[in-house]
Amino acid sequence: MFPIRDHNPSGRTPYVVYTLMAANILIFLTYAGILNDDQALYALFGKWAMIPANISRGMDYHTLFSSMFLHAGWMHLIGNMLFLWIFGDNLEDELGHLKFLAFYLACGVGAGLAHVWVAPHSNVLTVGASGAIAGVMGGYLLLFPRARVDVVVVLIIFFRIFATPAWLVLVAWLGIQFVGGLGADPDAGGVAYWAHAGGFVIGLILITPLWLRLGGPGFWQQTRGRPPHPEAQYRLNESRIPKIRRK
């Protein structure tokens with residue numbers, strides 16, 4: 001079960017979102033050829049990935065930024081870029097290009113610091129844009145809780161697309177992070193659940209001034225939690241497989 005698009009078109013071209021996606025993809029392609037070479041990959045990530053223990057010792061602060069543009073594999077990259085593409089354009093539309101870039105980077109750094117707070121002595125390399133994108137999702141939840149998001153539900157070999165409220169998708173995702181964080185050892189590697197949750201909460205906090213400026217609860221009452229403009233309409237093409245009529 002994963003989202004593929006929303007029904008919330010942006011009013012301006014999201015140049016920052018496109019630039020961030022391009023930067024992440026191009027950087028990944030520069031080292032994609034060594035993904036199966038552990039020694040070479042470790043040498044690269046050792047310089048640019050975030051290591052919580054080093055941050056705790058006051059070292060390598062630059063990795064709080066550089067780690068946001070590194071990914072551990074194709075699915076890691078594709079998943080993050082999909083979420084950025086779905087939710088990022090609307091926040092860039094509301095904040096403006098430069099403010100959105102600052103918001104994105106602040107969420108990423110904040111998510112990294114949240115991970116350091118949970119695992120201050122961990123020497124596990126941490127990479128990915130997930131924390132920054134989680135912040136984007138948190139901001140989206142506050143501004144457009146009832147925007148419709150198309151979710152694909154895969155059942156073995158069958159799938160179906162459902163339009164669901166954004167708050168349901170985003171709150172469910174946040175719940176998974178909390179449950180995963182409670183059951184995982186942050187010093188043992190794997191998914192940085194608390195970085196995701198921390199980025200999400202930071203995004204909520206940072207977008208609150210804009211939400212209040214728009215009217216706060218009054219903004220929700222005025223828009224009913226939906227985008228303040230016509231929603232995008234999508235039409236699904238019917239299958240080309242011929243139907244067999246029963247006698």
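Leaving aside neighbours within four places in sequence, Phe100 is in contact (heavy atoms within 4.5 Å) with Val16, Val17, Leu20, Gly88, Leu91, Glu92, Leu95 and Val136. The model is a predicted one, in which local features need pLDDT of at least 70 and side-chain atom pairs count only at pLDDT 80 or more, while totals for chains, interfaces and linings use all residues. Residues are numbered from 1 along each chain as its sequence is written, and side-chain values use heavy atoms, with hydrogens and water left out.

Phe100 also has a place in the largest nonpolar core, which holds 56 residues; Phe87 and Phe100 touch the most other members. Such a core is a set of buried Ala, Val, Leu, Ile, Met, Phe, Trp, Tyr and Cys residues joined through side-chain atoms within 4.5 Å. Here buried stands for under 20% relative accessible area, exposed for over 50%, and partly exposed for what falls in between (1.4 Å probe, protein chains only). Two or more residues of this core are given by each of helix H1 (15-31), helix H2 (38-48), H5, H6, helix H7 (130-143), strand E2 (148-155), helix H8 (166-183) and helix H9 (193-214). H7 supplies the largest share, nine residues. In soluble globular proteins, nonpolar side chains tend to be buried together.

Along the sequence they follow the pattern β-α-α-α-α-α-α-α-β-β-α-α-α. Of the 247 residues, 45% count as buried. Among contacts with a separation of 6 or more, 77% are between residues 24 or more positions apart.

Helix H6 can be followed through two helix pairs. In the pair with H5, helix H5 (residues 74-95) and helix H6 (residues 97-118) pack at an angle of about 130°, with axes 7 Å apart. Axes are lines fitted to C-alpha atoms, for helices over the stretch in contact, and angles run from 0 to 180 degrees between N-to-C directions. The angle makes H5 oblique to H6, on a scale where under 35 degrees is roughly parallel, over 145 roughly antiparallel, 65 to 115 roughly perpendicular and the rest oblique. From H5, the contact is made by Leu84, Gly88, Leu91, Glu92 and Leu95, and from H6 by His97, Lys99, Phe100, Phe103 and Tyr104. These residues divide into six nonpolar, two polar and two charged. In this grouping Ala, Val, Leu, Ile, Met, Phe, Trp, Tyr, Cys and Pro count as nonpolar, Asp, Glu, Lys and Arg as charged, and the others, Gly among them, as polar.

In the pair with H7, the axes of H6 and H7 come within 7 Å and cross at roughly 120°, which makes H6 oblique to H7. This crossing is right-handed. Phe100, Phe103, Tyr104, Cys107, Gly108 and Ala111 of H6 meet Gly131, Ala132, Ile133, Gly135 and Val136 of H7. By class, this contact has eight nonpolar, three polar and no charged residues.

Cys107 deserves a look of its own. This residue of helix H6 counts as buried at 0% relative accessibility. The C-alpha atoms of Cys107 and Gly131, 24 residues apart along the chain, are separated by 6.6 Å. Beyond neighbours within four places in sequence, Cys107 is in contact with Gly131, Ala132, Gly135, Gly199, Ile202, Gly203 and Leu206.

Thr164, in strand E3 (residues 158-165), is likewise buried, at 14% relative accessibility. Apart from neighbours within four places in sequence, Thr164 is in contact with Ala147, Arg148, Val149, Val151 and Val169.

Val124, in the loop between H6 and H7, is partly exposed with a relative accessible area of 26%. Its C-alpha atom is separated by 9.4 Å from that of Ala49, 75 residues apart along the chain. Asp60 has a positive phi of about 55° although it is not a glycine; this aspartate sits in the loop between helix H3 (52-56) and helix H4 (63-66) and is partly exposed at 29% relative accessibility. Arg224, also not a glycine, has a positive phi of about 60°. Arg224 lies in the segment after helix H10 (217-223) and is exposed, with a relative accessible area of 59%.

Key. Helix = DSSP H or I, 4+ residues; strand = E, 2+ residues; numbered from the N terminus. Left-handed = near helix turned anticlockwise from the far one by under 90°.
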